[in-house]
Every structure is written in structure tokens, then in C-alpha cells.
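This report walks through the fold by its helices, sheets and backbone exceptions. Keep the coordinates open while reading.

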Amino acid sequence: MSSYQDFYRKSIESPIPFWEEQAKAIPWFQFPPKILSQDEHELARWYQGGKLNTSYLALDYHIEQGRGDQVALAYDSPVTQTKRQFTYRELLKEVELVAGMLSNVGVEKGDRVIIYMPMIPETVFAMLACARIGAVHSVVFGGFAARELAIRIDDAQPKVLLMGSGGKEIERIVAYKPIVDAALAEAAHQVEQVVVFQRDFVPASMEVGRDLDWEELRKTAHPTSYVEVDATDPLYILYTSGTTGKPKGVMRDNGGHAVAMKFSMEHFYGIAPGEVYWAASDVGWVVGHSYIVYGPLIQGCTTILFEGKPIKTPDPGTFWRVIEEYKVNVFFTAPTAFRAIRKEDPEGKLKQAYDTSSLRYQFLAGERCDVSTLNWIRNLLQVPIIDHWWQTESGWPMIGNMTGVELQPTKPGSAGQAVCGYSFSIFNEEGLELGPNEEGYLGIKYPLAPGALANLWQDTTRFKSAYLEKFPGYYLSGDGAYKDEDGFIFITGRTDDVINVAGHRLSTAEMEEVVAAHPAIAECAVIGIADELKGQVPVGFVVVKAGVDLAADTLEAELIQMVRDKVGAVASFKRATIAQKLPKTRSGKILRKVMRYIADGKSFNTPSTIEDLSVLDQLRELMKKQRIGQAFS
Ligand code: COA
Ligand code: AMP
């Protein structure tokens, strides 16, 4: 095995032979005749002409290799006190039946299927079943409200919607059916069928003709085998927050994704077939797609599907219990989960009751990891704690520590070094490349590595304008960063209006759209401010229309409820305050970044274009009075 530096250099200097070699690690039906090409939109495509099936790679192939009796999926649900395990052979059987169900309701290759389901095995069956018949799934996170679901339905234009009747948030039961019904009432596009998986604690009402019962369909379904798809055929669409009210439909294709999953499991996470991998996330996010479902199964690992929280299900020892019980070798979660555990069990006393010696590495991503949390978890677990950086768009790590190649030293505060296939540059506003330790926009040489998004679903124009136009030849990541002289990259946060709340990526523009719709509001700004537990939380600043006579408390409560109803509880929008004025440039642009810096107590250069300097002092006073922001609380 070569050193990290050699391996990385090869991937950048000779990407085509490098990714040709990596592609040999998966069993294709037809090896791609072309490794890198351009499509009709002049966008890079990997492995054109290759033929494969992602569900075959994740299931059938392992059975052929003698892993049929190994546990593929272990479902552990402290919220419902249920545990179920599926070997590769059993999982295949379930997936074949769901593929048969989908065929029976008319789903064909290329059709889209929305999956609005909680963290249950049926969700995994559904994703793999879509992949099996070449349908394109779009999983929508259960914490999103009806409007968000409707937006995704209209964009993806699904033939069928698969849903669970609900989920459990610790004790709170979340019924999905009213949300689906409301979303379908709001959406312009209509699905032909809704298939409902009933959970006994939250029965869903059924609309005759449109809604079908999952179990009933399953009884009459025939096991369905895989179809051959092209490497460049879409595997899934996953919507993620952008800088406007409309989320971006990240489109990922089959070939590049399969190679990236195999490559990252092996060379990044350093985990072998037969070992146990656990990503404590949700299948509604990219981490769940890549590292609960596809990555571990393509690598022949056992994956854990955990329906619970780091705390209160039942206590902050639950993670350690799962690691011991399933002998987890590699664990991945977001720093916020450890901050939550630390808050309830500061000395990590509950950890002492469990044997976590199976654990080799602890990976963290989804948000910046503060050094204090990093040190706390390192002391507790006594294994390498590895921060790594990536996005829904990449689908797999871009910055980190390639433990499967060579464990590198780490620098606290840095997400690590570049991962094979990704070459980073830091730019200033004018597009000038900056030197070591200079902070700017984090750009990545285009084309990105296999597995990264091929395009936005049906929106090439937005793909180009959002990612490729600001710095020609580079992909705009949306994050700020600096790189030190050793190549370690330090992420400094988003440069746009995307925020990160408890590892969940959200758009302040979407929340602003909702707040602005309140009849009392003249204008508003929603900013993400630093929060000890969740990393960031959104706060609304609103200017009310002249003549409005509404108590501040009442208005705040109404706005909070509106965001909860329209965006979802996951937005964690819990504060909205009335301001006399918002700081703006002379051309009328709200200075959200300046507002955020004031709340976070960070120094900044007052923009020369500011319309009225005194508004900044007013804002400082308001934050102080209302105890908004770490600088004032
Ligand atoms: N369905 C419905 N509601 C959901 C939901 C889901 N799938 N997920 C979250 N919510 C709700 C929560 O119940 C909460 O509602 P509340 O305002 O009524 O309390 C709200 O959305 C905010 O959720 P969250 O930000 O998760 O906060 P929390 O206080 O419930 O939990 C943590 C805090 C840190 C324990 C939790 O965020 C966590 O475990 N994070 C791990 C990070 C993670 O999985 N990141 C994914 C990328 S790696
Ligand atoms: P998502 O697309 O939901 O995975 O969110 C991606 C965004 O989360 C990135 O653009 C970053 O802003 C942030 N992020 C992810 N991982 C890290 C990390 N390790 N350090 C800092 N920020 C991160």
C-alpha cells in the first residue's frame, strides 16, 4: 500500500488511470469503456457506458461471495423497544419483494419514487428496491413539514410515494399521514399511488383508491430481480438547502456512486468486509444514504439502523450500549450528538458500564467540531477521533484523514487534508488564489471525483450558476476556509445563507420566506447564530408594518409556529424579535453576515456601503436586551 501522499498525488496528477483502477474494485456487468467524458451540457460524467446495478452490488454479490448468512442490517430502536436483524440473504428477500411491490404499482426504470419514512428497515428495503428496478428514489427527511415535502414532490414528479405512518421523537409521536395529505393537497403534481407502512402506535387513515397498504401489497408481490442500468443513470435525488427558498435536487448516478462508496469505505474509513459500521444519522440526510445504506452494504459490512437519539433514549449511555452490543468497529456521528451527551453526563460516567473496545475509529462530520468536544470524546473513547468534511453534493468525504491508506497526524480545529480526487484552492472575492493561512472561499477543481453530484435534477442552469460560475474551472463549495503550509484545511463556516443546526443543513432564505408571509411583517432577516449545543440556531429579526398593534410575544409565538408548520420542527426556529430597522447597504441588501458577527461577538470591518451606521448600535442594544447571541447571553 502506498503512502497517503503518493496515493493522493496519483489521484490528482493522473485521475483517469487512478479512477479506472478504483473502478475495478466493484463487479460491473460491463466495465466502463470510458472513464471520464462530457455530457450534452458539457458537464463531467464518470464511467459512461458502464453497466451495473447498485442493489446487486449491495446484496446479491455478497451472497455469491459467501456472505449470505452474515448480518447485513441490524435495526435497533430504543424509541419503540424493537430490535431486528437481517442477514444478507434475508435482506435480499425483503428487497426483492418491495421491488415486486413497486412493479405491481407501475413503477418502472427511470420513474421517481418519494420515500417519506422513519428510521425503520422498510425504508432501507425501499431504497434498495428502487435501485434494483432502476427507479430513482428521493428520500425526504421526516422532520420536514408538508410544504417542504410538496416542493420536493413538484420538483421530482414522482409516480409513487412510499411512507411510514409515523415516527417517534423520544416520546412525541409524529404522524406522517396528515403531513403527506397536506403536501399532496398543496403540490401541483399528483402521485398515482401512496403506499403506507402502518406502525401500530400511529395508525394512518387511508384514502380509498389512492392509498395502498404496504403489508397487503407485500402479500401478493413476486420477488423481483435486478435490471442492468447505465453508470450514468440516476440512482437518487436528494434535496438539500441552498441560498433560495427552493432546495437543490442533488442528482447522483449509479456508477460513480458505487465506486466512491467502495473506495471510501476501504481507503477512507479503513473498514473491511465483515466488520461493523455505524453511522448515527438519519436516512433522510446524505450521511444516511451513503453510510447507513449504500457504503456499508456495498463493502459487505454489517450496518446499524438506529432509531433513537444520543440522549433520553433512554439515557446518554445509549451510544456506548450500541457499540458494545453490536461490536461496532467504526462509528460516525455529528459533534452535536457528543455535545448533547456531554451536557447530560459531563464525566462520561455511563461509558464505564460498557465495553467499547471493538471501536477502532470515531469519525465526526456534518458541522465544525469544536476543540473542547474533540478532546472530551478522545479522552473518553481512547481511539483516534477523526473530523472530516463533505457535503450532500459530494456524497462522500472530501477532506479528512484517509485512515485506510495511512493514518495521518491531526491538527485540532482542522478537518484534515484533501482526500483523493479533490484538489482545493482558496479564493478571494475577486477570484484571486490566496496563499497559506489566508481565509477565503473554498473552491475545488472541477471535475469533482466520481460519486459527487452529476447535476441538479432537471436544472442544469442552476447547477452551473450555483457551483461553477463564480470561479471558472472550480466548484464553489459554499464554505469559507484556509489552508496551512502543511495542507491542513480549516473550515471557517458557510459563506452563504445556509446554516447548520445540530448537523442539519437548513436555509435561512426558506425561513425568511415563511416569516415574511406573516401579515404584520414589513421585512425580516433570519440569521444563524452560534449555539453551544446545536452549533448554530436560527433567529429572526423582524420589522413590523406601520400601524400594527400586536404584542411582541404574540408575534414571536405566531412566527415560531409558522416556521414549524411550513419548514418543520427540525428548523429549531425558537426566537423572533422586533427590530426598528435592519442594517442594509445603500443598495438595500440586508447585512446578515454583520448581524451574525455582532451576535457571535466576532470582530468585523464595517462595510463602507452601509446605509446607516447607527442601526448597528441599535441592533447591539436589542441583542443585549433580548439576550440573543453568545456575545450577550
Ligand atoms: N421527525 C420529526 N421531527 C423531528 C425529526 C424527525 N425525523 N428529527 C428531529 N425532529 C424534531 C425534534 O423532535 C425537535 O422537535 P422539538 O422542537 O419539538 O423538540 C426538532 O425537530 C429539532 O430537532 P433536533 O435539532 O434534532 O434537536 P433535539 O433537541 O431533538 O436533539 C440532538 C438534539 C443533538 C440530540 C440531535 O440533533 C442529534 O442527535 N443530532 C445528531 C446529528 C445528526 O444526526 N446529524 C445528521 C448529519 S450527521
Ligand atoms: P450537508 O450537505 O448537509 O452534509 O452539509 C454540508 C455542510 O456542513 C458543509 O458545507 C459545511 O458547511 C458543514 N460541514 C460538514 N462537515 C463539516 C466539518 N467537518 N467541519 C465543518 N463544517 C462541516
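I63 sits in helix α3, which covers residues 54-64. The model is predicted. Setting aside neighbours within four places in sequence, I63 contacts G68, Y88, R89 and L92. I628 is 565 residues away from I63 in sequence. In space, the two C-alpha atoms are 56 Å apart.

**Domains**

The domain assignment lists domain 1 as 67-227 and domain 2 as 498-632. Their C-alpha centres are separated by 37 Å. Domain 1 gives 8 residues to the contact, and domain 2 gives 11 residues.

**Helix pairs**

Two packed helices are described by the angle between their axes and the distance between the axes. Two pairs are set out here.

| Helix pair | Residues | Axis angle | Axis distance |
|---|---|---|---|
| α4 and α5 | 88-104 and 121-133 | about 65° | 8 Å |
| α17 and α18 | 592-600 and 614-626 | roughly 45° | within 10 Å |

Take α4 and α5. Their axes pack at about 65°. That angle makes α4 roughly perpendicular to α5. The crossing is right-handed. From α4, the contact draws on L91, L92, E94, V95, E96, V98, A99, L102 and S103. From α5, F125, A126, L128, A129, C130, R132 and I133 take part. By class, the α4 and α5 contact holds 12 nonpolar residues, 1 polar and 3 charged.

Now α17 and α18. Their axes cross at roughly 45°. The result is that α17 is oblique to α18. This crossing, too, is right-handed. On the α17 side stand V594, M595, I598 and A599. They meet L616, L619, R620 and M623 of α18. This contact counts 7 nonpolar residues, no polar ones and 1 charged.

**The seven-stranded sheet**

In what order do the 7 strands of the open sheet run? The order is β5-β4-β17-β16-β18-β19-β20, and the pairing is mixed. From one strand to the next, the twist averages 20°.

Strand β4 spans residues 71-77 and runs antiparallel to β5, with 6 bridges between them. L73 has F86 of β5 as its bridge partner. A74 stands opposite Q85 in β5. The two strands form a hairpin with 4 residues between them. In that turn, Q81 has a positive phi of about 50°.

Helix α12 (residues 335-344) lies across β18 (330-333) and β19 (361-364). Its direction is at about 90° to β18.

Which strand is joined to β24 by 5 bridges? That strand is β26 (residues 474-483), and the two run antiparallel. K445 stands opposite Y474 in β26.

**Backbone exceptions**

Most residues other than glycine have a negative phi, and most peptide bonds are trans. A few places here depart from that background.

Y47 is not a glycine, yet its phi is positive, at about 65°. Y47 lies in the loop between β2 (44-46) and β3 (51-52).

Which residues does a cis peptide bond with omega near 0° link? The bond runs from T313 to P314. P314 is in the loop between β17 (302-306) and α11 (318-326).

A cis peptide bond also joins Y446 and P447, with omega about 0°. P447 falls in the loop between β24 (440-445) and β25 (455-456).

Note on methods:
Residues numbered from 1 in each chain as written. Chains lettered and ligands numbered in written order. Predicted model: local features only at pLDDT ≥ 70, side-chain atom pairs only at ≥ 80, totals over all residues. Heavy atoms only, no water. Axes fitted to C-alpha atoms, helices over the stretch in contact; angles between N-to-C directions. Parallel < 35°, antiparallel > 145°, perpendicular 65-115°, else oblique. Left-handed = near helix turned anticlockwise from the far one by under 90°. Contact = heavy atoms within 4.5 Å. Nonpolar A, V, L, I, M, F, W, Y, C, P; charged D, E, K, R; others polar. Pairing = 2+ DSSP bridges. Domains from an automatic or database assignment.
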